[in-house]
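Please read through the sequence and the model shown here before going on. The text then describes the sheet and some of the helices.

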Amino acid sequence: MKFDNYNIYEGIKKSIAKLDYKKPTDIQYKAIPNILKGEDVLAIAQTGTGKTAAFAIPILHILQMKKIKDRPDGVKCLVMAPTHELAQQINEVFKSLGKHTRVTSFCVHGGVERAEQVEHLNQGIDVLIATPGRLADLVKRRQLDLHRVEILVLDEADHMLDLGFIGDMQHLMRFLPKRRQTLFFSATINETIKDLAFSLVHNAIRIQISPKDPVAKNIQHGVSFVEMDDKRFFLENVIKTNIDKKILVFVRTKVRAERVKKAMERCELVTDTIHSDKLQAERESTMKSFRSGDLKVLIATDVSARGIDIPGVELVINYDLPNTAENYVHRVGRTGRGSQKGQAVSFCSKEEKELLEEIEQNLGKPIKILELSKSDYQQVIDLSEEVSTDWKSLIKEHELSKKGKKRKKK
Ligand code: AMP
């Protein structure tokens, strides 16, 4: 399928070509024809899937094709988005795709002088992109009339709910015409989102796009090939080279969690564990000190760490590979929360290569290999405190035995 095959205004096709979009993405392929037909859409799609153009292209076409006399003043399409950045980004997409149309777009959000925005709105805007807070404010002050809106888009509806915009959103619905086309986009789905969606759309076309890369873009993640018996040396190395960082280490079982802790103790590294064998009070106090940063390295099992949100984890180590891709995404997602950057490294032994393949297959792409030369690998082992302690004790033992032999000879 090519954009050329769509029955859309030539000026928009020209901009699509200029942006170098070769063919529609999955969501565009599924959404554009339905939006053009005037259908309501309920789509589960993440950022990065091309969802903005999926609604901007058909909306621009619909508005462009309206006859001049059918173009009364006032906003004809309203797009609600959770944040300033997203609202601006959407406006940019409308501007670049609508460059050769007579459709106008504008973006309003908090933190900007209201008067300036009102002046702009009075010039007549076709597509208004707004955050719910500022929008509700403008409507309340009667500085914005929404009764001409024909198309309503809710983008990242789940995020808007998370940010507590539900009240503003419901309030705003009262000012919108009942007869309209509604396009509802959310990255995730749960009961609350479903309730909200179904209260807004009618006989909607449902579209679900599985994300191309479920690991967030701000997380750098890679895999190192490390043999099972050498993993402790590599963990010691990682901790020592990232001494100030908050590190979350995942292991497969609680027994292994305790073993890894002991191994780190032998190198004089302080860590703690969290797993189901620990008392609730112990777990809470461990989590408290990890949250505050007093404890720098926490060793956890999958179950114990599910759903916990710890601020500022800079590094996740998969000491053992998780057994499902879902757990992989969940584990590495403990770092790089929000807009922070995060790093994740997995130690993969010979025995775990099959698991790695499965995870990669489910992720839809390979995990970056962190190459280690033979000599670098050996150096990590040689530099281990545990190994050097062993060497020291061996040398000591050897010297003592030599002295003993000398004494006997005397
Ligand atoms: P979005 O999911 O809307 O945030 O879009 C993600 C990125 O995909 C943006 O940088 C778009 O410019 C780009 N994009 C959208 N549609 C296409 C397409 N058909 N071909 C290539 N890139 C696209």
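**Sheet and helices**

Seven strands form an open sheet with parallel pairing, in the order β3-β4-β2-β5-β6-β1-β7. Strands (E, at least two residues) and helices (H or I, at least four) are DSSP runs, numbered from the N terminus. Two strands pair if DSSP finds at least two bridges between them. The edge strands, each pairing on one side only, are β3 (105-108) and β7 (205-208). From one strand to the next, the twist averages 10°.

This is a predicted model, in which local features need pLDDT of at least 70 and side-chain atom pairs count only at pLDDT 80 or more, while totals for chains, interfaces and linings use all residues. Residues are numbered from 1 along each chain as its sequence is written, and side-chain values use heavy atoms, with hydrogens and water left out.

Valine 108 has alanine 130 in β4 as its bridge partner.

Helix α3 (residues 51-65) lies across β2 (77-80), β4, β5 (151-154) and β6 (181-186). Its direction is at about 165° to β6; such angles run from 0 to 180 degrees between N-to-C directions, and axes are lines fitted to C-alpha atoms, for helices over the stretch in contact.

Two other helices are α5 (residues 114-122) and α6 (residues 132-140), whose axes come within 12 Å and cross at roughly 70°. That makes α5 roughly perpendicular to α6 (65 to 115 degrees). In contact (heavy atoms within 4.5 Å), Arg114, Gln117, Val118 and Leu121 of α5 meet Arg134, Asp137 and Leu138 of α6.

Definitions and conventions:
Parallel < 35°, antiparallel > 145°, perpendicular 65-115°, else oblique.
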